[in-house]
Amino acid sequence: MIGSELIGQKFTKPEYFQGRPSAAGDGYDAANSGASNFGPTNQKLVDRIKADAEKFRKENPAFTGLIPADLLTASASGLDPHLSPASAAAQAARVAKARGVALAQIQDLVDHYTESRQLGFLGEPRVNVLNLNLALDAQYPLKP
């Protein structure tokens, strides 16, 4: 796995955490950075969010809570490399099962890679998806 911790990328395998949806071209294309500019009542946006929610539920059957908003909405640039800690936690059971490790071990890794607010008050806590997935491969490699 190679990538930039500054630009999101698409992870599709169940053993990896998946980032936010991207409105930038065919998935995190920096040349097409930007939002879809669909308003909240735009049917294309509504349909995409419904489809993404159904896909998330199918891929993460152990998760029964409300799906965190950042798993269903793209960032303004479409390139955000971070997830909220709640979005990582929502995927943790799937990743643990795919890797054959305890859920608590995966949650500990998420907690370790959760970045605090900058200067203690700017922004929100966040998890860099690439760094978390690299740590997964280092600490819990897949068995061939």
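**Fold, sheet and side-chain contacts of the predicted model**

The accessible surface of the protein comes to about 8400 Å², and 57% of that surface belongs to carbon and sulfur atoms. The model is a predicted one. The protein has 144 residues, and buried residues make up 35% of them. Four helices and three strands are present. Read from the N terminus, the elements follow the order α-β-α-α-β-β-α. Among contacts with a separation of 6 or more, 62% are made by residues 24 or more positions apart.

The strands are described next. They form an open sheet of three strands in the order β1-β3-β2, and the pairing is antiparallel. Strands β1 and β2 stand at the edges and have a single partner strand each, so one side of each is left without a neighbour in the sheet. Strands β1 and β3 run antiparallel and are joined by two bridges. Leu83 has Val127 of β3 as its bridge partner.

The loop between α1 (43-59) and β1 contains Pro81. Thr64 is found in the loop between α1 and β1 as well. What is the relative accessible area of Pro81? The value is 11%, so Pro81 is buried, because buried means under 20%. Thr64 is exposed, with a relative accessible area of 71%. Both residues take part in a pairing across the chain. Pro81 and Glu5 are 76 residues apart along the chain, and their C-alpha atoms are separated by 6.4 Å. Thr64 and Ala90 are 26 residues apart along the chain, with 8.7 Å between their C-alpha atoms.

Asn128 is placed in strand β3, which covers residues 126-128. Is Asn128 buried or exposed? Its relative accessible area is 3%, so Asn128 is buried. Leaving aside neighbours within four places in sequence, Asn128 is in contact with Glu5, Pro81, His82, Tyr113 and Glu115. A side-chain oxygen of Asn128 comes to within 3.2 Å of the backbone nitrogen of Leu130, at the start of α4.

Helix α4 spans residues 129-139. Which residues of α4 are buried? They are Val129, Leu130, Leu132, Asn133, Ala135 and Leu136. An α-helix has 3.6 residues a turn, so residues three or four places apart point the same way. In α4, Val129, Leu132 and Leu136 are among the buried residues. The buried residues of α4 pack against β1 (82-83), α2 (85-99), α3 (103-112) and β3. Leu130 is one of the buried residues of α4, and its backbone nitrogen lies 3.2 Å from a polar atom of the Asn128 side chain.

Aromatic rings form a further set of contacts. A pair of aromatic rings is described by the distance of the centres and the angle of the planes. How many aromatic pairs does the structure hold? There are two. In the pair formed by Phe11 and Tyr16, the rings are 5.8 Å apart centre to centre, with 40 degrees between the planes, and the pair is tilted. Phe11 has a relative accessible area of 10% and is buried. Tyr16 counts as buried too, at 13% relative accessibility. The rings of Phe56 and Phe63 have centres 5.8 Å apart and planes at 80 degrees, so this pair is edge-to-face. The edge-to-face label applies because the cut-off is over 60 degrees. Phe56 is buried, at 8% relative accessibility. Tyr16 has a charged neighbour as well: Arg99 lies over the face of its ring, 5.0 Å from the ring centre.

One backbone angle deserves a mention. Most residues other than glycine have a negative phi. Leu119 is not a glycine, yet its phi is positive, at about 55 degrees. Where is Leu119 found? Leu119 is in the loop between β2 (114-115) and β3. Leu119 counts as exposed, with a relative accessibility of 74%.

Notes. Residues numbered from 1 in each chain as written. Predicted model: local features only at pLDDT ≥ 70, side-chain atom pairs only at ≥ 80, totals over all residues. Heavy atoms only, no water. Buried < 20%, exposed > 50% of the residue type's maximum accessible area, 1.4 Å probe, protein only. Polar contact = N/O pair within 3.5 Å; in protein donor to acceptor, adjacent residues only side chain to side chain. Contact = heavy atoms within 4.5 Å. Phe/Tyr/Trp six-rings, centres within 6.5 Å; stacked < 30°, edge-to-face > 60°. Lys NZ or Arg CZ within 6 Å of the ring centre and 35° of its normal. Areas by Shrake-Rupley, 256 points an atom, 1.4 Å probe, with all protein chains shown as cover. Pairing = 2+ DSSP bridges.
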